[in-house]
Amino acid sequence: MSRDEPATHLSGAAVLEGPPLVMSRVQSIARWVNRVAEHADRSRVLPIAVLSLLYLAVTIVFAQRKLMWNDELYTYYMARLPTMSDVWAALMSRGEQTPPFFYWTTRMSFHLFGVNNLSVRLPEMIGFWVMLASVYVLVARRASSLAGLCAAAVPLVTTAYSYAFEARPYGLLLGFCALALVSWQSVTLNRRRWISLVALGASVAAAVSTQYYGVLVLLPLAVGEGVLSLIRRRIDIAVWAALAVSIVPLALHLPLIRAGAAYSSAFWSPPQWVNVPDFYTDLLTPAIVPVAFILVLGGIYSMMAGSDQGDAGISTPRVLAWHEVAAACGFIVIPFVCVVLAKVSTGAFVNRYAIPAVIGFAVLVGSATAFRRSAALRLVIAVSLTGWFLLSQAREFIEPTGFSMPVSQIQVNRATEWLAKRDPDLPVVVADPQSFAVLSHYGSGEVKSRIVYLADPDLALKHLG
């Protein structure tokens with residue numbers, strides 16, 4: 001026997017013993033994942049607490065470093081006016097078309113936390129978190145905690161997340177709309193009914209008072225309540241009364257709405273039918289990779305499991321009731337209704353006006369994960385969504401794009417460098433109002449002392465349309 005024979009024999013033994021050993025380790029990992037998933041599924045607080053900490057950690061970093069761009073500077077200067085009466089007067093001058101309640105929230109944030117990058121965006125950061133928590137509660141009530149976690153993670157992998165750290169009303173709008181939805185669900189479940197009714201009316205009123213297109217939250221709520229009325233064969237007068245009372249703020253804002261409509265025919269983004277598919281493409285494109293991964297994962301799981309029968313004795317988690325599905329679908333069609341309204345009345349549409357549609361997608365995706373009895377699969381889906389959020393934002397942190405940094409210090413410094421080569425006694429006329437807003441706020445002293453923006457609305461309409 002040669003010296004190599006024992007080694008060959010041992011190597012063969014290792015090869016023979018390898019697969020069972022690997023399978024044993026895989027099974028051990030699978031059992032551990034199942035235990036973690038089952039524990040998370042039983043906990044009502046832990047899943048959303050972990051997601052909330054991750055959300056806040058990332059969002060605070062972005063909010064702190066982000067320079068304000070044109071629209072945020074409107075928020076900044078309007079909120080810093082001496083009184084709310086001054087804010088109202090400024091809105092009547094037709095320069096802005098956002099309700100005063102939004103500026104009041106920013107003023108309160110300034111009052112409590114000082115004037116800085118975080119405080120100017122804090123209301124929106126909180127509003128977006130309220131949406132995550134509301135979606136989580138709504139789905140977790142019907143299915144499981146991990147299904148709720150999947151639902152709450154969906155907005156983080158869409159373009160809706162950019163409004164979590166933008167000093168404009170859309171983060172707040174998302175929070176109020178989602179809070180209205182979960183309050184309505186509480187009413188239908190008879191959970192603290194009168195408190196829930198008050199919360200429902202107040203949430204819709206706040207949404208309307210934050211952004212005028214917030215009135216569209218009535219669509220999914222009315223559709224859901226209508227379906228429920230058909231199922232129960234009776235009308236819940238209290239719910240319809242709460243919805244009716246909630247739009248009273250629109251009447252109070254009529255003078256501002258009329259003033260803001262003065263230049264609607266010359267709005268920079270008139271509505272077009274292509275806005276509808278463009279909205280969904282813009283909103284959901286960032287989610288393509290995690291959704292594709294989840295579909296592949298679900299397919300592999302189905303082939304390995306063979307069926308959806310699950311383990312004996314384990315009940316299938318409940319999913320949304322039909323009226324809740326109808327309400328979620330109502331959110332999803334908001335962009336179409338928004339474009340129709342813009343064509344018929346307002347003459348203005350930008351994708352962010354219909355951003356509450358993301359709530360419908362989140363609710364339905366979270367509910368869909370409850371069809372599987374495997375808590376481990378729901379955990380993997382939630383981790384996949386959250387992991388993609390962290391991965392994509394890590395890339396954004398390392399190499400910022402317009403998503404998290406619409407205005408960079410390099411852009412601001414470029415104007416200073418350009419002026420240094422020009423006659424120092426001449427004024428510099430800035431033709432672009434957005435550039436003027438940014439340079440007048442962040443530019444050097446030399447830039448601020450020389451730039452001029454010639455503004456005449458009537459002449460602009462006459463010569464530029």
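Val61 is partly exposed, with a relative accessible area of 35%. In this predicted model, Val61 belongs to helix H2, which covers residues 46-65.

Helix H5 presents another setting. This helix spans residues 100-113, 14 residues in total. From the first C-alpha to the last, H5 reaches 20 Å, close to the 20 Å expected at 1.5 Å a residue. The buried residues of H5 are Pro100, Phe102, Tyr103, Thr105, Thr106, Arg107, Ser109 and Phe110. An α-helix has 3.6 residues a turn, so residues three or four places apart point the same way. The cover over the buried residues of H5 includes helices H3 (70-79), H4 (84-92), H6 (122-142), H8 (170-188), H9 (193-210) and H13 (254-260). After H5 comes Gly114, which has a positive phi near 80°.

Confidence must also be considered when the model is read. The protein chain has a mean pLDDT of 87, and 88% of its residues reach 70 or more.

| Stretch | pLDDT | Contacts in the model |
|---|---|---|
| Residues 1-16 | under 50 | 1 contact beyond four places in sequence |
| Residues 307-316 | below 50 | 12 contacts beyond near neighbours in sequence |

Note on methods: Residues numbered from 1 in each chain as written. Predicted model: local features only at pLDDT ≥ 70, side-chain atom pairs only at ≥ 80, totals over all residues. Heavy atoms only, no water. Helix = DSSP H or I, 4+ residues; strand = E, 2+ residues; numbered from the N terminus. Expected span 1.5 Å × (residues − 1). Buried < 20%, exposed > 50% of the residue type's maximum accessible area, 1.4 Å probe, protein only. Contact = heavy atoms within 4.5 Å. pLDDT = per-residue confidence, 0-100.
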